[in-house]
Amino acid sequence: MKIIVTSLFVEDQDKALEFYSETLGFVKKHDVPAGEFRWITLVSPDNQDGTELVLEPNDNPAAKDYQKKLVEQGIPATMFGVSDVQNEYERLLKHGVEFTMKPTEMEDITIAVFDDTCGNLIQIIEHK
């Protein structure tokens with residue numbers, strides 16, 4: 001068994017698609033109509049047959065509440081691995097990304113947390 005798809009609730013699918021593809025660098029794999037919304041998935045550029053990230057509309061009141069409470073408590077909705085957190089932090093700052101936690105070393109990892117502009121906090125992690 002393996003993880004093939006994971007979802008992330010977003011406030012605006014178009015805005016999220018732009019942020020996750022143009023700013024973060026993920027590659028759009030699917031973008032098809034699904035009722036009043038769309039089935040949008042992205043993948044890592046270096047593993048385009050790997051796990052897909054679904055940009056799920058948070059039209060459901062439970063999803064909105066869940067998303068809001070995670071942000072209020074400073075809890076990231078998900079985590080992405082990077083090879084160098086400091087370099088990624090500096091690159092994203094140049095794109096206007098706001099961080100709630102600057103790169104922080106913890107034993108054998110370095111993490112940072114940013115606002116995805118779509119209602120989520122996202123953590124990036126580097127394993128040493």
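**Strands and core**

Modeller: This is a predicted model. Let us begin with a pair of facing residues: Thr41 stands opposite Val54 in E4. Thr41 itself belongs to strand E3, residues 37–43.

Biologist: How many bridges join E3 to E4, and do these strands run parallel or antiparallel?

Modeller: E3 and E4 are joined by 2 bridges and run antiparallel. On its other pairing, E4 is linked to strand E1 (residues 5–10) by 6 bridges, and these two run parallel. One of the pairs there is Val10 with Pro57 of E4.

Biologist: Is Thr41 buried or exposed, and why?

Modeller: Thr41 counts as buried because its relative accessibility is 0%, and the cut-off for buried is under 20%.

Biologist: Which residues touch the most other members of the largest nonpolar core?

Modeller: In soluble globular proteins, nonpolar side chains tend to be buried together. Here the largest such core has 23 residues, and those touching the most other members are Tyr20, Leu24, Leu55, Phe80, Phe99, Phe114 and Ile124. Elements supplying at least two residues each include E1, E3, E4 and helix H3 (85–94). Helix H1 gives the most, with 4 residues.

Biologist: What does Leu55 touch?

Modeller: Leaving out residues up to four places away in sequence, Leu55 touches Leu8, Val10, Gln13, Ala16, Leu17, Tyr20, Ile40 and Leu42.

Definitions and conventions:
Residues are numbered from 1 along each chain as its sequence is written. This is a predicted model: local features need pLDDT of at least 70, side-chain atom pairs count only at pLDDT 80 or more; totals for chains, interfaces and linings use all residues. Side-chain values use heavy atoms; hydrogens and water are left out. Buried means under 20% relative accessible area, exposed over 50%, partly exposed in between (1.4 Å probe, protein chains only). Two strands pair if DSSP finds at least two bridges between them. A nonpolar core is a set of buried Ala, Val, Leu, Ile, Met, Phe, Trp, Tyr and Cys residues joined through side-chain atoms within 4.5 Å. Contact means heavy atoms within 4.5 Å.
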